[in-house]
Amino acid sequence: MEKKIIGVIPARYQSTRFPGKPLADICGKPMIWWVYQQVMKVPELSAVFVATDDDRIQKVCEEYGMQVVMTRNDHPTHVHRIHEVSERISADYYLVVCGDEPLIDPDTIRAAVPQENSEEMYVGGLCRYFTDPAQVMDPANIKIVTNDKEECVLLSRSPVPFPYKTVKFKYKKVVGVECYNKNALNFFVNTPKGFLESVEDVTLQRFLENKIHIKYKLVDSESLSVDTPRDLEVVLSKINTK
């Protein structure tokens with residue numbers, strides 16, 4: 001039986017470093033529009049929805065003909081917001097693309113589409129190698145270590161692994177694409193935050209701390225998440241040079 005996979009783009013208006021980020025102007029269109037267009041190009045998706053708690057974002061989505069789901073405004077994490085979507089829209093998998101990656105390539109997103117149809121818990125994501133050594137030290141970039149089965153071993157805001165015996169390796173960072181089935185979402189919202197998640201504020205630590213595997217596919221991507229107005233300037237320069 002063919003899997004039903006829907007795309008979900010979480011979008012919050014409030015951001016400590018960049019308020020109103022989803023509506024930031026990029027060449028005459030809001031950033032959320034750029035992300036939506038890229039996700040819509042993924043052929044495996046049955047539908048794409050923006051999940052927001054803000055009337056301003058909802059209005060813009062409707063003006064541009066983007067499907068939008070209004071969610072509660074008190075969700076502690078984006079996974080809770082995806083869970084609310086899953087309670088209202090039935091699917092086998094929920095492919096989540098961060099609303100701040102306007103240049104992400106559709107083929108990159110496709111790499112997160114699961115190849116199996118798991119009845120148990122499924123959590124997946126994407127990672128890539130750092131290309132700028134300075135970014136490794138930035139705690140905003142979550143570092144990841146995987147084993148030879150593409151399973152996550154470590155997640156941290158610190159540079160991991162530590163180069164104690166050798167420097168002959170490349171650091172990996174998380175790309176803003178995740179995938180869950182309903183069982184995984186249910187587990188997350190019904191499980192309290194653990195020690196590591198509380199200390200580092202890395203949401204998916206909740207799965208690792210409970211010995212649940214996260215599959216991370218390594219992709220060749222130059223994706224750039226827009227966390228600050230300076231990041232937006234970089235995105236604009238990339239678009240203008242295409």
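Let's start with charge pairs: there are nine salt bridges in this structure, a salt bridge being a side-chain nitrogen of Lys or Arg within 4 Å of a carboxyl oxygen of Asp or Glu. Keep in mind that this is a predicted model, where local features need pLDDT of at least 70, side-chain atom pairs count only at pLDDT 80 or more, and totals for chains, interfaces and linings use all residues. Residues are numbered from 1 along each chain as its sequence is written, and side-chain values use heavy atoms, with hydrogens and water left out.

Take aspartate 100 and lysine 21, whose side chains form a salt bridge at 3.2 Å, N to O. Aspartate 100 sits in the loop between strand E6 (93–97) and helix H4 (106–110), and lysine 21 in the loop between strand E1 (5–11) and strand E2 (25–26), so this pair ties together parts that are 79 residues apart in sequence. Those labels are DSSP runs numbered from the N terminus, with helices (H or I) of at least four residues and strands (E) of at least two. Aspartate 100 and lysine 21 are both buried; buried means under 20% relative accessible area, exposed over 50%, and partly exposed in between (1.4 Å probe, protein chains only).

Next, glutamate 150 and lysine 217 meet in a salt bridge at 3.9 Å, N to O. This pair also links distant parts of the chain, 67 residues apart: glutamate 150 is in the loop between strand E8 (143–146) and strand E9 (152–156), and lysine 217 is in strand E11 (residues 215–218). Glutamate 150 is partly exposed at a relative accessible area of 30%, and lysine 217 is partly exposed at 38%. Then there's glutamate 197 with arginine 206, a salt bridge at 2.8 Å, N to O. Here glutamate 197 is buried, with 3% relative accessibility, and arginine 206 is buried too, at 5%.

Now for the greasy side of things. A nonpolar core is a set of buried Ala, Val, Leu, Ile, Met, Phe, Trp, Tyr and Cys residues joined through side-chain atoms within 4.5 Å. The largest one has 38 residues, and Ile9, Val39, Val50, Leu95, Ile109 and Val177 have the most contacts inside it. Elements that each supply at least two of its residues include E1, helix H1 (31–40), strand E4 (45–52) and strand E10 (172–180). H1 gives the most, with seven residues. Leaving out residues up to four places away in sequence, valine 177 touches residues including Leu95, Ile104, Ile109 and Leu126, where a contact means heavy atoms within 4.5 Å. A second, separate core of 30 residues includes Phe49, Val123, Ile144 and Leu208.

What about disulfides? The structure holds zero of them, a disulfide being a pair of cysteine sulfur atoms within 2.5 Å. The sulfur of cysteine 98 is 13 Å from the closest cysteine sulfur, in cysteine 179, too far for a bond. Cysteine 127 is in no disulfide either, with the nearest cysteine sulfur, in cysteine 152, 8.6 Å away. Cysteine 98 is partly exposed at 30% relative accessibility, whereas cysteine 127 is buried at 0%.

Zooming out, the protein has nine helices and 11 strands. Of its 242 residues, 51% count as buried. Among contacts between residues at least 6 apart in sequence, 67% join residues at least 24 apart. The C-alpha atoms fill a box of roughly 55 × 45 × 35 Å along the principal axes.
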